[in-house]
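Take a look at the fold below. We will walk through its strands, a helix and a loop.

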Amino acid sequence: PKGEKRGYATRFCVDMDDIETVSRPCPSKESAEEMEISKDIWHWFDVTLRKGHTNRFLSVQDQDDEAKEVLPQRLLKIKSKDGKALEEFYQLLKMASLLHRATTAALPEGYSVIPRVYSLGVEKGKPAVVKPSQGSAEPVRPDTTEPVQKEILPDLAVIGTSKIVSEQTLKRVISMAPSGLHIEDWKMFYSLEHGADLQKMYKAAKGIKDTILLLQDSTRTVFGVFNSSYYAVDDNYYGNGLTFVFQIQRKEEDVKTRGEAPLKELRDVIKHGWSGKNELFVLCKRISLAFGGGGDGGYALRLDKNLCSGSSEKCFTYSSPMLSGNRDFKIYKCEVWGPAPL
């Protein structure tokens, strides 16, 4: 805010293309010192810009705006004493960044999201590229370049470090979930280090809707499930059609590196969504956890109560093949991820 403290930027404009990351709001680390003076707590979040950005910010040195300095900063700290207002602004900024990237991702270099311009001689429905005239009346020429499809990974923070896949691969799985989850930050809630027990996994994920279960078997094959329901013990199937199973691309070096290779690179993800043939989505029991079933197949995935072994078969519910390296497999690693609570 203007006048609160020297050196604070009172006004700035940032190109959405230059936003790299946005941290979650939290109380300021400096709040203890500030409280001695103001008796209030500052809340803040950071906006990190990409290297080589061209934004410049006006830093006010005096209240009368006489002394000014232009600073090419990369890190912006957005601060406020109103924690609720700051949280709302944070959510708006995250959503704006996501929408901007989704809108511009498929456009080739030089395109704009502003309304297309058409001219005589240009086929209807085809975009036209307008070049600077530089004083000459050069005709508008149609651009025959095919749009380049660029993948956009969700712009979110990952809290915790997976020992199964890279952060980018995890974001790729998240991108296949409903879009409302793309602006949430994701956190690891369970791993085998918490204890190899199905009940401990249920307890760790209690009250968390929309989770990703990641598994790596003894053949170093990586696969899992996006569960769009809570984990609740029930003798009957439940859930909905947003649930899906998936496989992570496997390479020869995965076995040689004992599963370390997938941690260092972005891997392809093969999604197997609901087939619509039945509604056997999730079967959550005390002694086992299973996804899918029925028809002429078996479970897409089934885990035992000790999280030591499991099985996977061709599944009718998700029209999925066997996900694991072998039908009956030993669990090497297991993790549960979900949206971090505010």
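Two strands pair if DSSP finds at least two bridges between them. Helices (H or I, at least four residues) and strands (E, at least two) are DSSP runs, numbered from the N terminus. This is a predicted model, where local features need pLDDT of at least 70 and side-chain atom pairs count only at pLDDT 80 or more, while totals for chains, interfaces and linings use all residues. Residues are numbered from 1 along each chain as its sequence is written, and side-chain values use heavy atoms, leaving out hydrogens and water.

Start with strand β11, residues 186–191. On one side, β11 pairs with β10 (residues 158–159) in the parallel sense, over two bridges. There, Trp 186 of β11 is the bridge partner of Val 158. β11 also pairs with β20 (residues 328–339), this time antiparallel, over five bridges. Buried means under 20% relative accessible area, exposed over 50%, and partly exposed in between (1.4 Å probe, protein chains only).

Now turn to helix α3, residues 167–175. Its buried residues include Leu 170, Val 173 and Ile 174. Lys 171 and Arg 172 are buried too. The buried residues of α3 pack against β10, β11 and β20, as well as β12, β14 and β15. Contact means heavy atoms within 4.5 Å.

Asn 278 lies between β15 and β16. Asn 278 counts as buried because its relative accessibility is 15%. Its side chain joins that of Thr 317 in a polar contact of 2.8 Å. A polar contact is a pair of N or O atoms within 3.5 Å; within protein, one must be able to donate a hydrogen and the other to accept it, and residues adjacent in sequence count only if both atoms are side-chain atoms.
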